[in-house]
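Reader: I'd like to go through this one with you. Can you start with how strand pairing is counted, then move on to the sheet and the cores?

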Amino acid sequence: MKIPAVSTLLCAAIIAGAMPVGVAQAAGFTYGSISVTPGTTQGLLTYRTMDSSKSQLCDLNTFICNTSVTSSPPAITGEIAQGSYSLSPSGKLAFVAEASVSRGTLNNIYKVVDGKLGTSQTLPISGQIYRILFTPGDTHIVARTATALISVDLKTNTILGTAPWTSGDFFAFAQVSPNGRLVAYYSSATQTAPTRHFRIVDLLKGKTYTLSQTLPYWDLLSEESMLFQFSPDGKFLIYKDDRSGPQTLYKVDLARLVQLKGKEFLGTRMFTKSYTVSDFMLTDSRTLLYL
C-alpha cells in the first residue's frame, strides 16, 4: 500500500483471520475518517487537527492515494423535518414527505433522474417519518416513526416487518442490514442517564437485542463518526466499543444472534493489540479497512 505524505496508514485486514499490519503514528494529526463514493471503488481519507485538515482520494483496490484529488460527493443524512426530503446514498431515490388535503401527509419515494424527481410510489406508512435508512442497492428502507421502526420492501411496496420504537432512545449511528431485516443503532449515555445502549433490532421478529453499559466517565463513543457496519453479505455486524480500554472493533455473527433466546448480545473482539481504531469500513465481506 502507498499513502504519500501522510504518516498514518490505512490498514487492510482480511476478515477470514489474517492479522492486520501495524499503524504508524500520525505526526501532528489527531483524527482520521473514511468516506466512499457510492457505486465506485474510490474512498476519501481526511486527516484533521484542531485547526486544519488534509484530504486525498484513494483507490480501494490498489490502496494508492492521490493527494491532488481531494473531494468526494457527500451523502445527505440526519433528521427529517415535515415537508423535507432525504436522498438514498446512491442518489437514485429520494424520500419526500408531501402534504395532501384529502390524505394528510404522503410519504413518497421518487426515482431521481438527471437531478430531477421522476416517478413515485407512496409508502404504506402513515404519519410523520422522522428518519429513513436505505439499504445498499435501494431495495429496502427502514423508517422510524413516533412509535415504531418499519421495514419496507421497495420492489413490492409492502411492509417487511416492524418493531416498537424504544421511547427516549437516541437513534444515533443507525445502520440497516442489506436485506432490510436488521437495524443497529446507539443510544449514548448522558450525565443524568449514565447507561449507554448498543441495540440491534430484528424487524421480522419484532425483537430488540441490547448491550448496555453504565459509564463512570464521559461517553467517548458519542464523539465518533461511525460505530456500526453490516457486512455486504448480511452475515455479520462490526461495531466499535471501548469496554476493554481502547476503542476497538467487535464482530457479531448475525445467524447466531437471531437464534438467541435472550435479548442481550456481546460480540467477539477482532484485534488482540491495544491500539485505538479511529474509523473503519468494509469494502466487501472479507476486507476491512481501518485507521
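Author: Two strands pair if DSSP finds at least two bridges between them. Keep in mind that this is a predicted model.

Reader: Fine. What is the strand order in the open sheet of four strands?

Author: The order is S10-S11-S12-S13, and the pairing is antiparallel.

Reader: Which are the edge strands?

Author: Strand S10 (131-134) and strand S13 (158-164), each of which pairs on one side only. On average, neighbouring strands of this sheet are turned by 20° against each other, ignoring direction.

Reader: How many bridges join S11 to S12?

Author: Five, between residues 140-144 of S11 and residues 148-153 of S12. As one example, Ala143 has Ile150 in S12 as its bridge partner.

Reader: Switching topic. Which residues touch the most other members in the largest nonpolar core?

Author: Phe198, Ile200, Phe228, Leu237, Tyr239, Val252 and Phe265, out of 20 residues in that core. At least two residues each come from several elements, including strand S16 (195-202), strand S17 (207-214) and helix H1 (254-257). S15 gives the most, with three residues.

Reader: And what does Ile200 touch, not counting residues up to four places away in sequence?

Author: Its contacts are Val183, Ala184, Lys207, Thr208, Tyr209, Leu237, Val252, Leu257 and Phe265. Of these, Leu237, Val252 and Phe265 are also among the core residues that touch the most other members.

Reader: What about the second core, which residues does it include?

Author: That core is separate and has 15 residues, among them Ile125, Ile132, Ile141 and Ala143. Ala143 is the residue whose bridge partner in S12 is Ile150.

Methods. Residues are numbered from 1 along each chain as its sequence is written. This is a predicted model: local features need pLDDT of at least 70, side-chain atom pairs count only at pLDDT 80 or more; totals for chains, interfaces and linings use all residues. Side-chain values use heavy atoms; hydrogens and water are left out. A nonpolar core is a set of buried Ala, Val, Leu, Ile, Met, Phe, Trp, Tyr and Cys residues joined through side-chain atoms within 4.5 Å. Buried means under 20% relative accessible area, exposed over 50%, partly exposed in between (1.4 Å probe, protein chains only). Contact means heavy atoms within 4.5 Å. Axes are lines fitted to C-alpha atoms, for helices over the stretch in contact, and angles run from 0 to 180 degrees between N-to-C directions.
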